[in-house]
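Have a look first, then read on.

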Amino acid sequence: MNLSKRILSKFESIMNETLMSDKLALAFSTQMIKEFESAYLYFKMAEYADFQDFEGISRYFLERAEEEMIHANKIAKFLSDRGNRIIFQDIKAPSFSADGILSLFKETLDHEILVTKLINELKDLARSENDHAADHFLNWFVEEQIEEEKSSAIVLKKAELAEGDPAAMIEFDKELGEEN
Ligand SMILES: [Fe+2]
Ligand SMILES: [Fe+2]
């Protein structure tokens, strides 16, 4: 083997050491898609609120959509850092009941609880694959989900308090707009 081939094969073996298993890389790619689906869902909720002239609520959901895109990017970067390729899959069209403004906040909390479950399952898989780096990487998402569930529950509580009182609803909309 000549020198350049030897260097190349050494480099390839180093790269292979950092690679995630195919199973884990597929699961990470799927979670990346789930983050895009979350963004898509919040984007649709923003459109629904905007259509009803709740500009502050719409801004709140646009901000959440942007955060979900950041999550998707974080996962994409991790796959790339490990030398894995992303397995691209279809992004599902978002759906929610659209049963009034309050339903947006209820379904957001339900959605975040579901995402927490997905992150926990991904972490279980990283552990069963003995992939300490992936397991460690997911800690950020575990903590983020605590924050997402907590903030979703607080906003839902505020929306419930304002519901049925137009003046309180206008105030709530204004408050969310100022925060986001
Ligand atoms: Fe997320
Ligand atoms: Fe989220």
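## Ground rules

This is a predicted model, in which local features need pLDDT of at least 70 and side-chain atom pairs count only at pLDDT 80 or more, while totals for chains, interfaces and linings use all residues. Residues are numbered from 1 along each chain as its sequence is written, and chains are lettered from A and ligands numbered from 1 in the order in which they are written.

## H2 against H4

Start with helices H2 (residues 22-51) and H4 (residues 101-128): their axes sit 11 Å apart, at an angle of about 175 degrees. Helices here are DSSP runs of H or I with at least four residues, numbered from the N terminus. The axes are lines fitted to C-alpha atoms over the stretch in contact, with angles running from 0 to 180 degrees between N-to-C directions. That angle makes H2 roughly antiparallel to H4, a label for angles over 145 degrees.

On the H2 side, the contact (C-beta atoms, placed from the backbone, within 7 Å) includes Leu24, Met45 and Ala49. H4 brings, among others, Ile101, Leu104 and Val115. By type, the contact residues split into 13 nonpolar, three polar and one charged. For that count, Ala, Val, Leu, Ile, Met, Phe, Trp, Tyr, Cys and Pro are nonpolar, Asp, Glu, Lys and Arg are charged, and the others, Gly among them, are polar.

## A closer look at H4

H4's 28 residues reach 42 Å from first C-alpha to last, close to the expected 40 Å, which is 1.5 Å times one less than the number of residues. Its buried residues (20 or more other C-beta atoms, placed from the backbone, within 10 Å) include Phe105, Glu112 and Ile119. The buried residues of H4 pack against H2 and helix H5 (132-162).

Leaving aside neighbours within four places in sequence, Ala49 touches Phe54, Ile57, Ser58, Phe61, Ile101 and Leu104.

## Two loop residues

Most residues other than glycine have a negative phi. Asp53, in the loop between H2 and H3, has a positive phi near 65 degrees. Asp53 counts as exposed because it has 9 C-beta neighbours inside 10 Å, where the limit is 12 or fewer.

Asn130 lies in the loop between H4 and H5, with a positive phi near 55 degrees. Asn130 is exposed too, with 9 other C-beta atoms within 10 Å.

Terms used: Parallel < 35°, antiparallel > 145°, perpendicular 65-115°, else oblique. Contact = placed C-beta atoms within 7 Å.
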